[in-house]
Amino acid sequence: MHTLIVGAGAIGGYIGACLARAGRDVTLFARGPHLAAMRESGLTVLSAEGDFSVRPKLVGDLTEAAHADVIFICVKAHGLAALAPQLKPLIGPDTTVVSTQNGIPWWYFQLGAGEHLGLHLESVDPGGVIASSIDPARVAGSIVYLGAEISAPGVIRHTEGNRISLGEPDGSRSDRCREIAAALIQTGLRCPVTARIRNEIWVKLLGNVAFNPLSALTHGTLAQMARDPRICPVVRNIMAEVEAVANRLGVEIPISIEQRIAGAEKVGEHKTSMLQDLEAGRPMELEPVVGAVVELGEKLGIDMQYTRAVYAATKMLDSNLAAQRSRRS
């Protein structure tokens with residue numbers, strides 16, 4: 001089984017490195033200094049579970065990539081629309097495309113969505129470019145529960161977690177998901193196959209929609225926000241609004257809001273991915289995570305005043321920072 005990692009940054013690079021270490025046939029697609037460093041010295045992973053280095057196959061242009069049985073899309077959700085047309089020629093009749101993006105995935109309303117089948121979210125898939133490039137029948141959903149960062153070009157620091165959930169968008173249990181899971185388990189990762197990937201998406205969204213933008217505005221860690229007597233009520237109200245959207249879609253979130261907040265507090269002084277992007281000067285993954293739920297709430301007629309207020313403030317912050325980056329360039 002040949003695997004192509006599209007977007008071998010922190011998360012994609014870590015998954016690819018684990019596959020390479022296990023002797024799996026894997027190719028990593030990357031760009032810039034990170035690609036140059038990997039070509040020169042290989043890819044090094046620093047982890048409390050043990051440091052290691054690998055020399056996987058690398059490409060800097062997707063036209064150089066060979067046919068893959070499995071394609072892991074590990075770019076941030078807001079970068080997928082620009083990349084999706086380049087993926088179309090690589091997807092064969094037997095290719096499985098595993099999406100790892102945060103937020104509401106582009107395929108969510110293409111398969112298994114019941115009465116909401118075909119609903120389009122512009123914040124997730126502007127102009128429908130992704131949906132027209134990737135056959136939904138080829139897609140398997142995933143949710144990544146691990147933390148990693150590029151500490152230097154060619155060097156990934158694994159900070160926490162080792163679980164990747166896999167599931168079919170229609171809730172079925174498939175041989176392809178079991179085969180991919182077996183390959184990941186061989187590398188030392190945990191990879192449960194679930195028939196309830198949609199519910200699990202909303203469990204993660206419950207936290208991400210609340211904590212991620214608030215962390216960007218406050219620079220607070222998960223534990224700080226969960227414990228702060230002024231911020232925690234805002235977190236709780238945003239989560240209640242997200243839960244209302246999920247319920248309207250027929251999704252029952254199998255965890256209470258208080259349990260979700262307590263879980264975030266236990267993670268400790270962890271910076272959300274959105275805060276990490278902010279501090280690194282990168283665009284924040286705001287639209288697919290927060291904007292998508294706001295857009296969905298509007299379509300379903302659900303009042304989301306807390307979520308909308310935090311989203312508006314974070315969007316202005318992101319826009320101002322983008323303007324600063326543009327002036328510097």
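User: Before we start, what should I know about the numbering and the model?

Analyst: Residues are numbered from 1 along each chain as its sequence is written, and side-chain values use heavy atoms, with hydrogens and water left out. The model is predicted, so local features need pLDDT of at least 70 and side-chain atom pairs count only at pLDDT 80 or more, while totals for chains, interfaces and linings use all residues.

User: Okay, helices. At what angle do α6 and α12 cross?

Analyst: Two packed helices are described by the angle between their axes and the distance between the axes. Here α6 (residues 197-218) and α12 (residues 305-328) cross at roughly 45°, and their axes come within 9 Å. Axes are lines fitted to C-alpha atoms, for helices over the stretch in contact, with angles from 0 to 180 degrees between N-to-C directions. Helices are DSSP runs (H or I, at least four residues), as are strands (E, at least two), numbered from the N terminus.

User: How are α6 and α12 placed, then: parallel, perpendicular or oblique?

Analyst: Under 35 degrees is roughly parallel, over 145 roughly antiparallel, 65 to 115 roughly perpendicular and the rest oblique. α6 and α12 are therefore oblique to each other. The crossing is left-handed, meaning the near helix is turned anticlockwise from the far one by less than a right angle (clockwise would be right-handed).

User: Which residues make that contact?

Analyst: Contact means heavy atoms within 4.5 Å. From α6 come Val209, Pro213, Leu214, Ala216 and Leu217, and from α12 Thr307, Val310, Ala313, Thr314 and Leu317. By class that's 8 nonpolar, 2 polar and no charged. Ala, Val, Leu, Ile, Met, Phe, Trp, Tyr, Cys and Pro count as nonpolar, Asp, Glu, Lys and Arg as charged, and the others, Gly among them, as polar.

User: And how does α6 pack on α11?

Analyst: α6 and α11 (residues 287-300) have axes 9 Å apart, at an angle of about 110°. That makes α6 roughly perpendicular to α11. This crossing is left-handed. Trp202, Leu205, Asn208, Val209 and Pro213 of α6 meet Val289, Val290, Val293 and Leu296 of α11, a set of 8 nonpolar, 1 polar and no charged residues.

User: Now the voids. How many cavities are there?

Analyst: On a 1 Å grid over the protein atoms alone, a cavity is a set of points where a 1.4 Å probe fits but cannot get out; a pocket is an open set with protein on both sides within 12 Å along at least five of seven lines, and lining residues have an atom within 4 Å of a point. There are 2 cavities of 30 Å³ or more.

User: What lines the largest cavity?

Analyst: It has 14 lining residues, and those closest to its centre are Gln101, Asn102, Gly103, Ser142 and Ile143. α6 gives the largest share, 4 residues.

User: And what about the second largest pocket?

Analyst: That pocket holds about 160 Å³ of space. Its lining includes Pro105, Trp106 and Phe109.

Methods. Points joined across faces, edges and corners; volume = space filled by probe spheres on them.
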